[in-house]
Every structure is written in structure tokens, then in C-alpha cells.
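Subject: Structure for you to look at

Hello,

Here is the structure I promised to hand over. Please open it and keep it beside this email as you read.

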Amino acid sequence: MTAALVVVGAGEGARLGLGRNKALVEIDGVTLLERSAAAFADVPGIVERVAVVHPVDLATIIDGPIGAALRRAGFGAIVPGSSTRQASTLAGVRATTSAVRDVLVHDAARPFVRSPRIAALLAALDRVQAAFLAAKVVATVKRVNDEGDVVSTEPRDRLRLAATPQGGRRELLLRLLEEAERDGFSGTDEAALFERAGIRPRAVEDDVTNVKITVPGDLELVRGLVPSPTPRVGHGYDIHRLVDGRRLVLGGVELPSDFGLLGHSDADALLHAVIEALLGAAGLPDIGEHFPDTDPRYKDVDSRKLLAATLEALRSRGLKPLQVDASIIAERPRLKAHKSAIKASLCTLLGLPEDRVAVKARTNEGLDAIGRGEAIAVHCVAMVG
Ligand code: MG
């Protein structure tokens, strides 16, 4: 049977204390919201996807790269949440259609849920009308009094830690959410709403790795759960003729010079070589295919814009730059005094720390056209993952 997914990421995440909404906190450059959405990508039976985000972030998300990533992941609606999780969930469920039998609600703060568990949950919903993922309790559970002294040791074999996704029949869940809002009842999860209606939602076995990121320490703990990217290497090369009366731009930095590089764009040979290397590492066609020099849109274009478009192309494939190493070959001007500014610019443009970017400059020892000062060439190796 078909189901809709509602990923709820509308909370403010005050406990994380990061000054931004929790769903937008990043692990290795990818937000919790995108990671949680991606966890459902390969699950059969999910035919509608809705993201619920904080109203403050709505426009930024819809118009920006996160919205684009969500739409690529099949999200047909991104809707504003409300002041409570339950009201946000209701907004999300309302954005699903009656074409689906079931709705799964998932916390954006649980990016490590695994697709076989989600599939098992959906299978359970063919037998019961409400279910949720829940892990067995592995610790010994003690009940204590006000002083913290043990009153009893609880048998743990019947205890479960409720996680998400949780869900059930759409029409039922929608009605229970509306009734709860009307009655001022606040359930801490969707299962509580089914329980309130006398329904016993089924706990479907979950992994202990489906953790909820709540406090700053959680972010550190879960880094080991993020699969490290397989590094991919690309090579880039570019050469531009030096002519009088052109601007000289390298790595997005304009250098003081009476001569500059000739080209259709701003002729930033360094950024072009970096772009070629990044595209190569991603297995994408070269810069000429992406930004043809016959296209008037790219006449005198700032190559930083081409790099930004390249990074977006990588991002849409789940890739980002890990490291860049470039060698500029120029007889004139001498670049020694400008290398650190060029490197700083590359770090900013690529979003990489200093120790992941190298910019080297050398002459061609007076040999050939570069040696005669007629051109500047750049070689670049980039790693992405
Ligand atoms: Mg070029």
C-alpha cells in the first residue's frame, strides 16, 4: 500500500544552542533535514513526501540549495510548521493527499534511520493501523525516589524506546491530530495519539543507531555514524593568453597589473582549472560543455559564479570538495606576494580550511610561450567526496 512521508524539522533546537534551527545543523556539510529526507529515498511504497520547517527558514529553504535537494529527493511540499511539534505534524499531514493509505511522521533530528527498518514498519502497517520504530532497552532500568535511591529494578524485556518514524492510517491520524489540537492534548509522539484513542500502535524493532540529536554532545557522538565519503580525484588544466589592457584575475582576486588574461569570461585561469578538476572528479563533462564560450551569458562572467554553479552541480550529486592543489605557471607578473591572498580566496570560495587548499606559483624558466610571458597556465588536482 502507499504511504506519505512527513519529515518534521520545525523546532528551534534551543538545546543545541547553535543559534540556528536544529534541522539546519550540518554534519559534514549536509543538514540533518536533508540527511533524514535521504534516508527514505530507496524505500518502496512512499509516494508523497512533505517537509515541515520553521516558518523563519521557509523562504530560504524553498529558494535555496536545501529546497532543491529536497525536491530532487521527491519532496512535493515544503510547508511552515508551528510552535509545537504536534501542530507542525498536523500541518505536514494536512499537506499529504487522500491518495495514500498511511502517513509516516519522522523527526528531522533522526538522520540515521535505516531503510530496512522503515520497510519493516510499512510492512507492519499492512497488519495493524498504527506502528512506530522502537529500540529494545539494553540498559538495566532503575526506578528511584526523590533522593535518587533505588525503589525497584524494572524488567526491561517489555520496555521500548520510541523513535520515529511513527505513523498509521492517514485519515485516522489526521483526525486524532485535529482532536488533540482542539482538546489541548499534547502527545509527545504520534503513538500517544493512537493510544489516547484506544488503539495499540505496534512497536517495530529499531536499531540503537537511530538516535535523536538533541544536545551538542550528540553531534560529536554521531560523527562515527556518518559514512566517510569515498574520495574521488580530478585533474584540471587551463591556459590563457596575456594581453595588454585586460584585468588580471586569479582565484577570484584581481591583481594590480597593466596586462591581463584574454578570454570570453574574466579569464580566471586558476578558477577554470579548479572547476575542471572538480568536474573531472565528479565524472562530469568539462567546463566548455557546462559554460560554453559561445553563450553570451558567459561574456566577461565572474568565474566565481561558474565555480558556485559547479559546487551546486557537485552538491546535487552528494559531493563536495575535500581538497584542492593548484600550480600556477607564470613568468609575469611575479605571484609570490599574492599567493596568500589567492589561497584565502580559494578557501572561501570552496568552503575549505587552510590545510585543504594549496596554491603554488612558479615560472617556466624562460622556456616556450609561458616562459616568454605570453600566457599563464594552471594545473590543478582536486579531491571530492
Ligand atoms: Mg579558461
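Let us start with one residue. A3 is buried, because its relative accessibility is 1% and buried means under 20%. A3 sits in strand β1, which covers residues 3–9. Please keep in mind that this is a predicted model.

What does A3 touch, leaving out residues up to four places away in sequence? The contacts are G45, I46, V47, E48, V100, D102 and L122. Now look at V103. A3 and V103 are 100 residues apart along the chain. Their C-alpha atoms are separated by 5.4 Å.

Next, find S36. This residue belongs to helix α1. S36 has a relative accessible area of 0%, so it is buried. Residues up to four places away in sequence are again left out of its contacts. S36 touches V7, H106, D107, A108, A109, R110 and P111.

The largest pocket

Helix α1 takes us to the next topic. Residues 32–38 make up α1, and this helix supplies at least two residues of the lining of the largest pocket.

The space in the largest pocket is about 1,300 Å³. The pocket is lined by 43 residues, and V30, E34, R35, A38 and G318 are the closest to its centre. Sorted by class, the lining has 22 nonpolar residues, 10 polar ones and 11 charged ones.

The cavity

How is empty space found? Rolling a probe the size of a water molecule over the atoms shows where such space is left. How many cavities of 30 Å³ or more does a search of the whole structure find? The search finds 1. The largest cavity holds about 40 Å³ of space.

Its lining is made of R85, Q86, T89, L177, G187, T188, D189, E190 and L193. Helices α4 (85–94) and α7 (190–196) each give at least two of the lining residues. The largest share comes from α4, with 3 residues. By class, the cavity lining has 2 nonpolar, 4 polar and 3 charged residues.

A sheet of strands

Move on to an open sheet of 5 strands. The order is β15-β12-β18-β16-β17, and the pairing is mixed. Which strands stand at the edges? They are β15 (259–261) and β17 (357–362). Each has a single partner strand, so one side of each is left without a neighbour in the sheet. On average, neighbouring strands in this sheet are turned by 20° against each other, direction ignored.

Look closely at β16 and β17. Strand β16 covers residues 321–329. It runs parallel to β17, and 6 bridges join the two. In this pair, V324 stands opposite V357 of β17.

Two helices lie across strands of the sheet. Helix α9 (residues 269–281) lies across β12 (232–244), β15, β16 and β18 (375–384). Its angle to β12 is about 155°. Helix α12 (residues 339–350) lies across β16 and β17. This helix runs at about 145° to β17.

Backbone details

Two peptide bonds deserve a look. The bond from T164 to P165 is cis, with omega near 10°. P165 is in strand β10, residues 160–169. The bond from R332 to P333 is also cis, with omega near -10°. P333 is in the loop between β16 and α12.

Then check two phi angles. E365 is not a glycine, yet its phi is positive, at about 55°. E365 lies in the loop between β17 and α13. Is this residue buried or exposed? E365 counts as exposed, because its relative accessibility is 63% and exposed means over 50%.

D368 also has a positive phi, near 50°, and is a residue other than glycine. D368 is in helix α13. Its relative accessible area is 45%, so D368 is partly exposed.

Best wishes

Notes:
Residues are numbered from 1 along each chain as its sequence is written. This is a predicted model: local features need pLDDT of at least 70, side-chain atom pairs count only at pLDDT 80 or more; totals for chains, interfaces and linings use all residues. Side-chain values use heavy atoms; hydrogens and water are left out. Two strands pair if DSSP finds at least two bridges between them. Helices (H or I, at least four residues) and strands (E, at least two) are DSSP runs, numbered from the N terminus. Axes are lines fitted to C-alpha atoms, for helices over the stretch in contact, and angles run from 0 to 180 degrees between N-to-C directions. Contact means heavy atoms within 4.5 Å. On a 1 Å grid over the protein atoms alone, a cavity is a set of points where a 1.4 Å probe fits but cannot get out, and a pocket is an open set with protein on both sides within 12 Å along at least five of seven lines; lining residues have an atom within 4 Å of a point. Grid points are joined across faces, edges and corners, and a volume is the space filled by probe spheres set on the points. Ala, Val, Leu, Ile, Met, Phe, Trp, Tyr, Cys and Pro count as nonpolar, Asp, Glu, Lys and Arg as charged, and the others, Gly among them, as polar. Buried means under 20% relative accessible area, exposed over 50%, partly exposed in between (1.4 Å probe, protein chains only).
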